[in-house]
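Hello,

Here is the structure I promised to hand over. Please open it first, then read my notes below.

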Amino acid sequence: MEIAKSMELATLSHKQSSFAGPPHETLFLVLAYLPLFELLSMSEVCRSLRDAVEKDVLPWLNIIVERPLSLRLSDEILMKIASKANGRLRTLVLMYCAKITDDGLQRVIDQNPLISKLHIPGCTGLTPDGVIRALQKLSDFQDGLKSLWINGIANMKKEHLERLQFYLQTNQKLQQIQQKRQPLLYHNYRRLQAYRWEELGRVIDVELCPKCNEVRVVFDCPREECKRKAENSMTGCRMCMFCIPRCEECGKCVETGDLEETVCADTLCPDCWIQLPKCNFCNKPCCTQHANMQIASTGSIGWICSVCHDKSDDFE
């Protein structure tokens, strides 16, 4: 958020200048912190920014690929982008990049063995064996990998997870991090942009679900009774999202009989359902994440949901 504000202020200042000149110096300072899409966009603003993006290694040490680029990223494009780090790439985040294959990932790893964060959730073109080979390569170095996200990699089994954990546990620093393990709550996980994963003492995002025995993200529960069960080494509701629904607002487990109807079709517990404002027509709330479905109601207090708004247009 601070970076975005700095960019906005610098751009506004540059536009308000009465004479054309070089970009505001703040723009150069934030280049190293931009996701890939914004970084490439900045390179098209002017020649000085293009040179800064192309010739400076610093902006390429942390490559973060999200939508819309993730839908088009291929092995060849990834290799071209990663080569700009000159073998010094430290963070590689590929969010739902379905076109990336095991070979493409391995080529990047071979040329950048100092990667400390590898986040590849939803990269369905990757296989468990390909992820293991990549991690094996990274574990050969002293510092090794500090954070691994693999949720959504297809056909990940218990034996694959055990191999990954073996390579991660060879790093003594990671063992110290995991000793500080904190609860993982569903609603925090859904807001990963503002989430400090390392502070939770978690090196890898998945584990074996106690109920279904599938390799998935397993969530803790903020309910006091569920906390007590966990403290007494009882499983309770500590499961993946496929085994028990959780509230989008507070992360509590929700029994099937307590599920409430919402505009956005997300799960809410009864407490959060009561507290959230409702549509003037259907009396259903929507979670904070989908507040864009609320349309201000003209001539009355409150709002109507987009579903009811569309229906009202049909009757007119």
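**Helix packing**

The crossing of helix α5 and helix α6 is right-handed. A crossing is right-handed if the near helix is turned clockwise from the far one by less than a right angle, and left-handed if anticlockwise. A word on the source: this is a predicted model, where local features need pLDDT of at least 70, side-chain atom pairs count only at pLDDT 80 or more, and totals for chains, interfaces and linings use all residues. Residues are numbered from 1 along each chain as its sequence is written, and side-chain values use heavy atoms, with hydrogens and water left out.

Helix α5 covers residues 75–82 and helix α6 covers residues 102–111. Their axes come within 9 Å and cross at roughly 15°. Axes here are lines fitted to C-alpha atoms, for helices over the stretch in contact, with angles from 0 to 180 degrees between N-to-C directions. The crossing angle makes α5 roughly parallel to α6 (under 35 degrees; over 145 is roughly antiparallel, 65 to 115 roughly perpendicular, the rest oblique). Helices (H or I, at least four residues) and strands (E, at least two) are DSSP runs, numbered from the N terminus.

Which residues meet? Asp75, Leu78, Met79 and Ala82 in α5 meet Gly104, Arg107, Val108 and Gln111 in α6. Contact means heavy atoms within 4.5 Å. Residues three or four places apart in an α-helix point the same way, because there are 3.6 residues a turn.

Now helix α7, residues 128–138. Its buried residues are Pro128, Gly130, Val131, Ile132, Ala134, Leu135 and Leu138. Buried means under 20% relative accessible area, exposed over 50%, partly exposed in between (1.4 Å probe, protein chains only). Their cover includes α6, β3, β4 and α8.

**Aromatic rings**

There are 3 aromatic pairs. Rings of Phe, Tyr and Trp (its six-membered ring) pair if their centres lie within 6.5 Å; planes under 30 degrees apart are stacked, over 60 edge-to-face, the rest tilted. Phe166 and Tyr167 are edge-to-face, 5.4 Å centre to centre, with 65° between the planes. Phe166 is exposed at 52% relative accessible area. Tyr167 is buried at 12%.

Tyr189 and Phe219 also pair: their centres are 5.4 Å apart and their planes at 70°, so this pair is edge-to-face. Tyr189 lies in helix α10 and Phe219 in strand β7, so the pair ties together parts 30 residues apart in sequence. Both Tyr189 and Phe219 are buried. Ring pairs link Tyr186, Tyr189 and Phe219 into a cluster.

Best wishes
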